[in-house]
Amino acid sequence: MKAVLQSLTGMKEDSMAQLEPTEQRPAYLCGRLLAVLEAVQYAAQGKINTTLVDRFYGAASTAPASVFGNLLGDVQAHLAKLRKTRPAACTALQQRLETVMRGLPSFPRTLSLQDQALFGLGYYHQRAQDRADAQARKAAGDAAQTDTIETE
């Protein structure tokens, strides 16, 4: 993906090596959005056989306007479940959705090859950032638990 972007745009090799929270191109934001929707689904349902990414990545990465309306409608049921069972997770995921959606005035009808590469980067950058954040929270929790044990 990065090779396509570099060849088409002259992008530097070290640019976009991680999540770019200020990147506002719709294709990148659509990729990030798909990753956040997947995180909401996982938080609500746990590990399932077929995720929304398994079913919709291809269409979302080529024709976002054709799928994101339905996906955003479907995610509301997951958020409602989380609101009842895991309110803090619901709030965090809702805020993440709002952050990504803030930069999208509308969904593109189609994405060029270059934009499809940006979509992929956005998707994988968001997933990597979410994983890093989860690991940091776990490490902080483990450290807090160790501190509590040592002070008892």
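Hi everyone. Before we start, one definition: when I say two residues are in contact, I mean that they have heavy atoms within 4.5 Å. Please also keep in mind that what you see above is a predicted model.

Which residues is Q41 in contact with, leaving aside its neighbours within four places in sequence? They are G46, I48, T50, T51, L52 and H78. With L52 we can say something about the atoms too: a polar atom of the Q41 side chain lies 3.1 Å from the backbone nitrogen of L52. Is Q41 buried or exposed? Its relative accessible area is 7%, so Q41 counts as buried, since the cut-off for buried is under 20%.

Now let's step back to the whole chain. The protein chain has 6 helices and 0 strands. Of its 152 residues, 36% count as buried. And if you take contacts between residues at least 6 apart in sequence, 74% of them join residues at least 24 apart.

Next, the inside. In soluble globular proteins, nonpolar side chains tend to be buried together. Here the largest nonpolar core has 33 residues, and L33, L34, L37 and F68 touch the most other members. Helices α2, α3, α4, α5 and α6 each supply at least two residues of this core, and α2 gives the most, with 12. Have a look at L33 on your screen: not counting residues up to four places away in sequence, L33 touches F68, L72, L97, V100, M101, L104 and F107.

F68 brings us to helix α4, which covers residues 68–85. From first C-alpha to last, α4 reaches 25 Å, close to the expected 26 Å.

Finally, the charged pairs. How many salt bridges does the count come to? There are 3. One joins E38 and R127, with the closest N and O atoms 2.9 Å apart. E38 lies in α2 and R127 in α6, so this pair ties together parts that are 89 residues apart in sequence. E38 is buried at 13% relative accessible area, while R127 is partly exposed at 27%.

Another salt bridge is between R96 and D130, at 3.1 Å from N to O. This pair links α5 with α6, 34 residues apart. The side chains of R25 and E23 also meet in a salt bridge, at 2.8 Å.

Conventions: Residues numbered from 1 in each chain as written. Predicted model: local features only at pLDDT ≥ 70, side-chain atom pairs only at ≥ 80, totals over all residues. Heavy atoms only, no water. Helix = DSSP H or I, 4+ residues; strand = E, 2+ residues; numbered from the N terminus. Buried < 20%, exposed > 50% of the residue type's maximum accessible area, 1.4 Å probe, protein only. Expected span 1.5 Å × (residues − 1). Core = buried A, V, L, I, M, F, W, Y, C linked by side-chain atoms within 4.5 Å. Polar contact = N/O pair within 3.5 Å; in protein donor to acceptor, adjacent residues only side chain to side chain. Salt bridge = Lys/Arg side-chain N within 4 Å of Asp/Glu carboxyl O.
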